[in-house]
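Hi there,

Here is the structure I promised to pass on. Have a look at it first, then read my notes below.

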Amino acid sequence: MAPRILIFGTGSLGGVYAWVLSRAIPESNITAVCRSNYEAASQRGFTINSTLWGQGLCVRPQVVRSVSEAVAQYPLSFDYIIVTAKAIPTTLSTAELIRPAITPGRTAVVLVQNGIGIEEEYARLYAGDDVPILSTVAYLPTTQTAPAVISHREVEHLHVGTYPASGVPDMHKRAAKAFVDLLTAAGATATLHDDVQAQRWAKLLVNGSWNPICALTRLRDGQFVDSGKKNGEENEAFGFVRNIMREIASIAQACGHENVDDKMIDFQLSRMTARGLPGLQPSMMADALDGKSLEVDAIVGNAVRIARDRNVPVPLLGAVYVLAQGLSASFSLPR
Ligand SMILES: NC(=O)C1=CN([C@@H]2O[C@H](COP(=O)(O)OP(=O)(O)OC[C@H]3O[C@@H](n4cnc5c(N)ncnc54)[C@H](OP(=O)(O)O)[C@@H]3O)[C@@H](O)[C@H]2O)C=CC1
Ligand SMILES: CC(C)(CO)C(=O)C(=O)O
């Protein structure tokens, strides 16, 4: 039987994964929890414009406003809950909000979110409940350009592993493999890892640097580097990004991920330089332009705290954290 899937927070990434999964399972098996794009998604479905797959691709999942509405329609039946809401603190946490849709022994929670340490509240809440927590790392540059209309470019790859990496029941490892097999059947690119945390740190090189820098400066990655060009002088903007990546790599290394090194930094930087101008708009920049709360703690603050615990000096990342935190706070002040 085709699995039944609940996508919680169906914006840019969630909309694209709804379309991807609809290539392997009936779209009626996919339920999308939506908020600001609810009207558009329920009336017209999601439209994906992709440089990889083509323009005007449409998917029409079941669209609901809440987890309780989804559960009322399909009680005890979700095999996967894919969390693609932003990893920001809310009064009732996302981990708590999805609880009614979880059937222990059946449902796996798939976290498709950037950052580090984002899995811990789920692992704490569901400890002993036989609920596999799958941690994933998404290379999928997407932006919602209008409600339920999403542009995607360049690359599509999901790294998947259990959280934690070891000491979990075999059933959790099987759930991770089954999810990778499902994406593969859908024609997507997914890699199964016994321990996905090194991949998380490798991606944090990109998100911990570019996301806050682009949010703070309102410049895309290529535009930011271009802003640092001076005749005959070293590009300070490029050097700044590299130095932040070096700080993130030194935290990763202190956590035992030695392959997050200068070579990997060069690789991540080369992806940006290959793109040219104007460059990519990271998801945190999209939120800053919309005046929304930023994923500051998931993407920067947690790494800074790990650095402090391990006595790793991160002066640049620490400064970026304080500034991005201030920017995020500014959006909730009355003007
Ligand atoms: N965009 C990208 O290129 C990439 C993003 N990521 C990561 O993936 C995650 C998702 O990012 P992205 O898709 O860009 O985010 P979006 O903001 O585009 O989508 C998140 C969606 O979740 C909805 N949502 C949040 N809370 C609720 C709720 N309580 N009930 C219903 N809906 C809710 C939001 O609604 P509303 O509009 O009302 O806020 C929004 O539609 C983030 O962690 C991001 O860092 C990873 C790789 C690439
Ligand atoms: C930088 C990017 C697009 C990489 O996929 C990303 O993860 C984000 O926008 O948050």
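Below is what I found, going from the whole chain down to the two ligands.

First, some ground rules. This is a predicted model, in which local features need pLDDT of at least 70, side-chain atom pairs count only at pLDDT 80 or more, and totals for chains, interfaces and linings use all residues. Residues are numbered from 1 along each chain as its sequence is written, while chains are lettered from A and ligands numbered from 1 in the order in which they are written.

**The whole chain**

The chain has 335 residues and a radius of gyration (taken over C-alpha atoms) of 20 Å. That agrees with a compact globule, because the rule of 2.2 Å times the number of residues to the power 0.38 gives a value near 20 Å. Along the principal axes, the C-alpha atoms fill a box of roughly 65 × 45 × 45 Å.

**Two domains**

The chain splits into domain 1 (5-194) and domain 2 (198-330), with bounds that come from an automatic or database domain assignment. Their C-alpha centres are 25 Å apart. The contact between them (C-beta atoms, placed from the backbone, within 7 Å) takes 16 residues from domain 1 and 15 residues from domain 2.

**The ligands**

Ligand 1 is surrounded by 25 residues, counted when the C-beta atom, placed from the backbone, lies within 6 Å of the ligand. The closest are Gly9, Gly11, Arg35, Ser36 and Asn114. Helix H1 (12-21) gives the most to this shell, three residues. By class, the shell has ten nonpolar residues (Ala, Val, Leu, Ile, Met, Phe, Trp, Tyr, Cys and Pro), three charged (Asp, Glu, Lys and Arg) and twelve polar (the others, Gly among them).

And where does ligand 2 lie? Both domains give residues to its shell, so ligand 2 lies between them. Among the residues around ligand 2 are Asn114, Tyr139, Trp210 and Ser283. Helix H7 (residues 197-217) provides the largest share, four residues. The shell around ligand 2 has seven nonpolar residues, four polar and no charged.

Cheers

Definitions and conventions
Helix = DSSP H or I, 4+ residues; strand = E, 2+ residues; numbered from the N terminus. Contact = placed C-beta atoms within 7 Å.
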